[in-house]
Amino acid sequence: MTRKLIAFDDDTFDKLTQLGRGRMATLQELADEAFADLLKKHGVPVDLKDALRKSAGVTRKAAASKKAKDR
């Protein structure tokens, strides 16, 4: 695990702290979610499962429809 420091202005940090309290989440969990969303937005696989899907050329929509047909 790599650790990096990220600086926030006071207002942003206060809002993130409030959001974390409201969602019962830590700042780390909020950051993990935000970075996962950013990677997804730019088409970068977040985990191994996403990487395998992307390399196989299977979209989530196609995977979901196949899963529905299997039921």
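Helices are DSSP runs of H or I with at least four residues, and strands are E runs with at least two, numbered from the N terminus. With that in hand, let's look around.

This is a predicted model, where local features need pLDDT of at least 70, side-chain atom pairs count only at pLDDT 80 or more, and totals for chains, interfaces and linings use all residues. Residues are numbered from 1 along each chain as its sequence is written, and side-chain values use heavy atoms, with hydrogens and water left out.

Now color by pLDDT (the predictor's confidence in each residue, from 0 to 100). The chain's mean is 86; confidence is highest in α1, at 96, and lowest in α4 (residues 60–70), at a mean of 67.

Next, select α1, residues 10–23. Its 14 residues reach 20 Å from first C-alpha to last, close to the 20 Å expected at 1.5 Å a residue (the expected span is 1.5 Å times one less than the number of residues). At the N-terminal end, click D9, the cap: one of its side-chain oxygens lies 3.1 Å from the backbone nitrogen of D11.

Step back to F8, in the segment before α1. Is F8 buried, exposed or partly exposed? Its relative accessible area is 38%, so F8 is partly exposed (buried is under 20%, exposed over 50%, partly exposed in between, with a 1.4 Å probe and protein chains only).

Finally, select I6, F8, F13, L27, F35 and L38 together. They make a nonpolar surface patch of about 560 Å², and α2 (residues 27–41) gives the most to that patch, with three residues. Patch residues have over 30% relative accessible area and no salt bridge; like charges are joined within 9 Å and nonpolar side chains (Val, Leu, Ile, Met, Phe, Trp, Tyr) within 5 Å. A salt bridge is a side-chain nitrogen of Lys or Arg within 4 Å of a carboxyl oxygen of Asp or Glu.

Note on methods
Accessible areas come from the Shrake-Rupley method with a 1.4 Å probe; for residues, only the protein chains shown count as cover. A polar contact is a pair of N or O atoms within 3.5 Å; within protein, one must be able to donate a hydrogen and the other to accept it, and residues adjacent in sequence count only if both atoms are side-chain atoms.
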